[in-house]
Amino acid sequence: MIETAKENQSIQAILDADISTELKEIAGKVAQRKRITNQEAIYLYHHAELSYLGILANHIRTYMNKNYVYFNHNFHVEPTNVCVYTCSFCSYSRLIKNREQGWELSVDEILNIIKKYDEQAVTEVHITGGVVPKQDLNFYKELFEKIKQHRPELHIKALTPVEFHYIFKKAKVSYEDGLAILHKAGLDSLPGGGAEIFNETIRDQIAGGKCSSEEWLKIHKIWHQMGLHSNATMLYGHIESFEHRVDHMDRLRQLQDETKGFNAFIPLKFRNKDNQMAHVPEVSVIEDLRNYAIARIYLDNFQHIKAYWAMIGRKTAQLSLNFGADDLDGTIDDTTKIYSMAGSEEQNPKLTTQELVDLIKAVGKTPVERDTLYRIVKEF
């Protein structure tokens, strides 16, 4: 109640401040828990100062998620970094013609990685990577079945619409049938990757050939209609405009209105090391925080905003907890190279539970270990 009173006082201070009518109207909507429009979100990107955005975003995260900051005990498996696609922002993948520079794990090799965690209290394995022909529908069906046979309680969060689209097309099955097959095999939920930016012109420039924006949304919609959950992402800070960001979030907000199937929204920062877009400068930490805050203000039907610390670094992720974010992903255990290869501050992304707890407590928040579906495992 004390936190709520402080936040209400901060909102009132904005309403009493010498700022534009537009900013006061947006603050008034936030105070009344009303939805802001696309034009208002664009106005925030162009005109709102960081301090203003932080007050509004923190007000929303407090009444939606109290003082909690969530994390889970997870690890990643990346079956391959070889890929049939050539996304210009990607520093991770290797073309099939250069596959000697990459890896392509077998089902048994992936199972051996998973068995390394048998004595650990992990709750989730996150599986995603490149796209190659031999890792097809039967490959993932067998993989998920064997994971569940070995460790039934381990939550499998795996594959993006980019992978599904290719796998199902190759197998000549519909999205509906393909998802049903993999769910029956043990797939529990979907990560949010592959969304990049939904504007078709920009998407074609940075990720041409992959599934379309419409196909990405359709696959998540089908998954939600099956009564299951997923996450959503947005790649920001490259050649997109503020208007493109709002358009992207608008499409997600509309789908969430319809299905209520998204757990969290995850802004993903473009990193420019060793890729075809190395000439595009990265945005500042200030812009990172502004983007988190506006996402929290705009996406009123998303319960959680995740700051992926392995991508933006633990310090910026920690700062984001006062700008709308309420989730830090998980322990990861140095099992992903996607962002370290692109120049992230975290070259060996690994945090213990205690390190995450300390990081969260340092900014006055309450650490909460969760499972993938945000059921509380332990409150610290």
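## Leucine 44 and the nonpolar cores

Leucine 44 touches Leu23, Ile26, Ile36, Tyr52, Leu53, Arg290, Ile294 and Ile297, leaving aside residues up to four places away in sequence; a contact means heavy atoms within 4.5 Å. Leu44 belongs to the largest nonpolar core, which has 76 residues, and is one of the four that touch the most other members, with Tyr52, Phe265 and Leu328. Such a core is a set of buried Ala, Val, Leu, Ile, Met, Phe, Trp, Tyr and Cys residues joined through side-chain atoms within 4.5 Å. Apart from it lies another core, of 34 residues, among them Leu105, Val107, Leu137 and Leu187.

The structure is a predicted model, in which local features need pLDDT of at least 70 and side-chain atom pairs count only at pLDDT 80 or more, while totals for chains, interfaces and linings use all residues. Residues are numbered from 1 along each chain as its sequence is written, and side-chain values use heavy atoms, with hydrogens and water left out.

Buried means under 20% relative accessible area, exposed over 50% and partly exposed in between (1.4 Å probe, protein chains only).

Helix α7 (residues 161–171) is largely enclosed by the rest of the structure, because eight of its eleven residues are buried. These are Pro161, Val162, Glu163, Phe164, His165, Tyr166, Ile167 and Phe168. Their cover includes α6 (137–150), β6 (155–158), α8 (175–185) and α10 (213–225). Lysine 172, which follows α7, has a positive phi, near 60°.

## Overall architecture

The protein has 15 helices and twelve strands, taken as DSSP runs numbered from the N terminus (helices H or I, at least four residues; strands E, at least two). Of its 380 residues, 58% count as buried. Among contacts between residues at least 6 apart in sequence, 74% join residues at least 24 apart.

The protein exposes about 15,400 Å², of which carbon and sulfur atoms supply 50%; accessible areas come from the Shrake-Rupley method with a 1.4 Å probe, and for residues only the protein chains shown count as cover.
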